[in-house]
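Reader: Could you walk me through this structure, one question at a time?

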2 protein chains.
Amino acid sequence: MTVRLDTVDRKILSELQKDASRSLDDIAKTIGASKTPVWNRIKKLREAGVIKRTTVELDAEALGFEACFFVLIRTSEHEADWQDRFLTALQNRPEVLEAHRLAGEIDYILKVIVPNARAYDKFYQALISEVRVFNVTALLSMEELKSGGGLSLDP
Amino acid sequence: MTVRLDTVDRKILSELQKDASRSLDDIAKTIGASKTPVWNRIKKLREAGVIKRTTVELDAEALGFEACFFVLIRTSEHEADWQDRFLTALQNRPEVLEAHRLAGEIDYILKVIVPNARAYDKFYQALISEVRVFNVTALLSMEELKSGGGLSLDP
DNA sequence: GGTGAAATTTCCACTTT
DNA sequence: AAAGTGGAAATTTCACC
């Protein structure tokens, strides 16, 4: 499952992370190689799953998604069945952009983006009616200070 | 600053979010249009900033970034000067992928990805030596249950 | 890893509704 | 105004060095 990556691979990934719309030639030039090896490496990196997908980063506010919440969840249920249902609920809800199981007091954190506070409440009500949770705390984002930071692959 | 988007724009954005590497023709076909209008719309959406950039989503673990933390920060300082220094510190630290200013008890949340716990501690020490913070809680992710969820633009 | 060329795609001028 | 057509230019993809 582990992939060995050399400096060239890292440079390629770093460039793609910054801007995946540039041409192969262009990328090859900036990293000091020629297009075919770059193309072959990108192909391998895709196949190996190092590059999971190519996407566009959208401006949520411009699209009417004005509210971003981080939701901290504690539960008393830890059986496999409960976990499965919880996972399915998260996967099925498009307002959940990201979800992690945590170590420590808090069991889960979700990142939820919705048009407004009312939509969040709707989401919240739907979620707690689907799966039993012990405690939910919602942190409302007032301002996105940094976003879309990529992994730092420079060295 | 608000952009008016019709159904076709939303379909295009939805497709690009799912996979931005597909060809124009391909995308045009799936949404039932022809390539030129799609091209013109994408161009406009880019210029308007609705599409912020095209990127690749990488597998952090495959690249040796094994630890993901959500960092909750409380501070007693709220002057503009402090905020500026804090913001600069965040921007300069590549391990911070995302940062939000929050409403309520907790003032900030950061998403931090590092190779391991030791690297997190290094980051933490560096941060608190740069800016004064009142309280820091780190939530360690054990498992990413969902990631890369896009905005839901279907309707 | 590089070269070059076929196949595909992007991009734009022009036509149509 | 907004969508389609066609084609030149650029880019991707691949066989071969």
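**Protein, DNA and the contact between chains**

Author: Gladly, and let us begin with the DNA. DNA strand C has around it A:Ser34, A:Lys35, A:Thr36, A:Pro37, A:Arg41, B:Ser23, B:Leu24, B:Lys35, B:Thr36 and B:Trp39, where near means that a heavy atom of the residue lies within 4 Å. This is a predicted model, in which local features need pLDDT of at least 70 and side-chain atom pairs count only at pLDDT 80 or more, while totals for chains, interfaces and linings use all residues. Residues are numbered from 1 along each chain as its sequence is written, chains are lettered from A and ligands numbered from 1 in the order in which they are written, and side-chain values use heavy atoms, with hydrogens and water left out.

Reader: Which helix gives the largest share of the surface near DNA strand C?

Author: Helices here (H or I, at least four residues) and strands (E, at least two) are DSSP runs, numbered from the N terminus. Helix 3 (35–47) of chain A and helix 3 (35–47) of chain B each supply at least two residues of that surface. The largest share, four residues, comes from helix 3 of chain A.

Reader: Which side chain has an N or O atom 2.8 Å from a phosphate oxygen of DNA strand C, and belongs to chain B?

Author: Polar contacts are pairs of N or O atoms within 3.5 Å; within protein, one must be able to donate a hydrogen and the other to accept it, and residues adjacent in sequence count only if both atoms are side-chain atoms. From chain A, the side chain of A:Arg41 places an N or O atom 2.8 Å from a phosphate oxygen of DNA strand C. From chain B, the side chain at 2.8 Å from a phosphate oxygen is that of B:Trp39.

Reader: Turning to DNA strand D, which helix supplies four residues of the surface near it?

Author: The residues around DNA strand D include A:Trp39, B:Pro37 and B:Arg41. Helix 3 of chain A and helix 3 of chain B each give at least two residues to this surface. The largest share, four residues, is from helix 3 of chain B.

Reader: How much area is buried between chain B and chain A?

Author: Contact means heavy atoms within 4.5 Å, and it takes 61 residues from chain B and 61 residues from chain A. Buried area is the accessible area (1.4 Å probe) that two parts lose on being put together, summed over both. Carbon and sulfur atoms give 59% of the total, which is about 6100 Å².

Reader: How many salt bridges are there between chain B and chain A?

Author: Side chains of opposite charge can pair when their charged atoms come close. A salt bridge is a side-chain nitrogen of Lys or Arg within 4 Å of a carboxyl oxygen of Asp or Glu. One joins B:Glu98 and A:Lys111 at 2.4 Å, N to O, and the count between these chains is six.

Reader: Which residue in strand 5 of chain B is the bridge partner of A:His100?

Author: Two strands pair if DSSP finds at least two bridges between them. Strand 3 (residues 96–102) of chain A pairs with strand 5 of chain B in the antiparallel sense over four bridges. The bridge partner of A:His100 is B:Glu144.

Reader: Which residue forms a salt bridge with A:Asp9?

Author: Over all chains, a search of the whole structure finds 28 salt bridges. In one of them, with the closest N and O atoms 3.0 Å apart, the partner of A:Asp9 is A:Arg41.
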